[in-house]
Amino acid sequence: MPAARLEQRLAQLIRMLRTPVVLDDGPTVDVAASVGAATLTAVGSSDLTVLQRAADAALYEGKHTGHAVIAATAHTTVASVNGRRAGRPGTSLRGRAA
């Protein structure tokens, strides 16, 4: 998919994910989402682990912007623990055997 089309599709996804949800008992709940994406071309790798790590780093970068972030090569060098961005819940090494 061409880069411009990818950006358009991700923006569409963000708009769809922001659609308020009406609960069965009546109240409406506002929804927000963060999206990070990685492509072989943008990241420079076809390794799924590298792509997932880069997408996670991109997602975190855009977490408070309301915009999807497409990972770049720099996102592949973000420090990780057990394949997840350092500092993300579930990455603590405390209590684990070394």
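The largest nonpolar core has six residues: Val-43, Leu-51, Ala-54, Ala-58, Val-69 and Ala-71. A nonpolar core here is a set of buried Ala, Val, Leu, Ile, Met, Phe, Trp, Tyr and Cys residues joined through side-chain atoms within 4.5 Å. Helix α3 (residues 48-61) gives this core its largest share, three residues. A second, separate core of five residues includes Leu-6, Leu-10, Ile-14 and Ala-37.

The model is predicted: local features need pLDDT of at least 70, side-chain atom pairs count only at pLDDT 80 or more, and totals for chains, interfaces and linings use all residues. Residues are numbered from 1 along each chain as its sequence is written, and side-chain values use heavy atoms, with hydrogens and water left out.

**Overall layout**

- The chain has three helices and six strands, where helices (H or I, at least four residues) and strands (E, at least two) are DSSP runs numbered from the N terminus.
- Read from the N terminus, the order of elements is α-β-β-β-α-α-β-β-β.
- Of the 98 residues in the chain, 20% are buried; buried means under 20% relative accessible area, exposed over 50%, and partly exposed in between (1.4 Å probe, protein chains only).
- Among contacts between residues at least 6 apart in sequence, 38% join residues at least 24 apart; contact means heavy atoms within 4.5 Å.

**Helix α1**

- Helix α1 (residues 3-17) has 15 residues and reaches 21 Å from its first C-alpha to its last, close to the 21 Å expected at 1.5 Å a residue. The expected span is 1.5 Å times one less than the number of residues.
- The buried residues of α1 are Leu-6, Leu-10 and Ile-14. They cover an arc of only 75° around the axis, which puts them on the same side of α1; the arc is that of the directions from the helix axis to the C-beta atoms.
- These buried residues of α1 pack against β3 (36-37) and β4 (69-70).
- Ala-4, Arg-15 and Met-16 are exposed on the other side of α1.
- Leu-13 is also in α1 and is partly exposed, at a relative accessible area of 32%. Its C-alpha is separated by 8.8 Å from that of Ala-68, although Leu-13 and Ala-68 are 55 residues apart along the chain.

- The 14 residues of α3 should span 20 Å at 1.5 Å a residue, and its end C-alpha atoms are 20 Å apart, which agrees.
- Buried in α3 are Leu-51, Ala-54, Ala-55, Asp-56, Ala-57 and Ala-58.
- At the start of α3, a side-chain oxygen of Asp-47 comes within 2.8 Å of the backbone nitrogen of Thr-49.
- Val-43, a member of the largest core, is in contact with residues including Leu-51, Ala-54 and Ala-71, leaving aside neighbours within four places in sequence.
- Ala-57 is in α3 and is buried, with a relative accessible area of 6%. Not counting residues up to four places away in sequence, Ala-57 touches His-75 and Val-78.

**His-75**

- His-75 lies in the loop between β4 and β5 (80-81) and is buried, with a relative accessible area of 9%.
- A polar atom of the His-75 side chain lies 2.8 Å from the backbone nitrogen of Ala-72.
- Not counting residues up to four places away in sequence, His-75 touches Arg-53, Ala-54, Ala-57, Ala-58, Glu-61, Val-69 and Ile-70.

**Loop between β2 and β3**

- Asp-30 is in the loop between β2 and β3 and is exposed, at a relative accessible area of 68%. The C-alpha atoms of Asp-30 and Arg-18, 12 residues apart along the chain, are separated by 7.2 Å.
- Ala-32 is in the loop between β2 (28-29) and β3 and counts as exposed at 69% relative accessibility. Ala-32 and Met-16, 16 residues apart in sequence, are 9.7 Å apart in space, C-alpha to C-alpha.

Technical notes:
A polar contact is a pair of N or O atoms within 3.5 Å; within protein, one must be able to donate a hydrogen and the other to accept it, and residues adjacent in sequence count only if both atoms are side-chain atoms.
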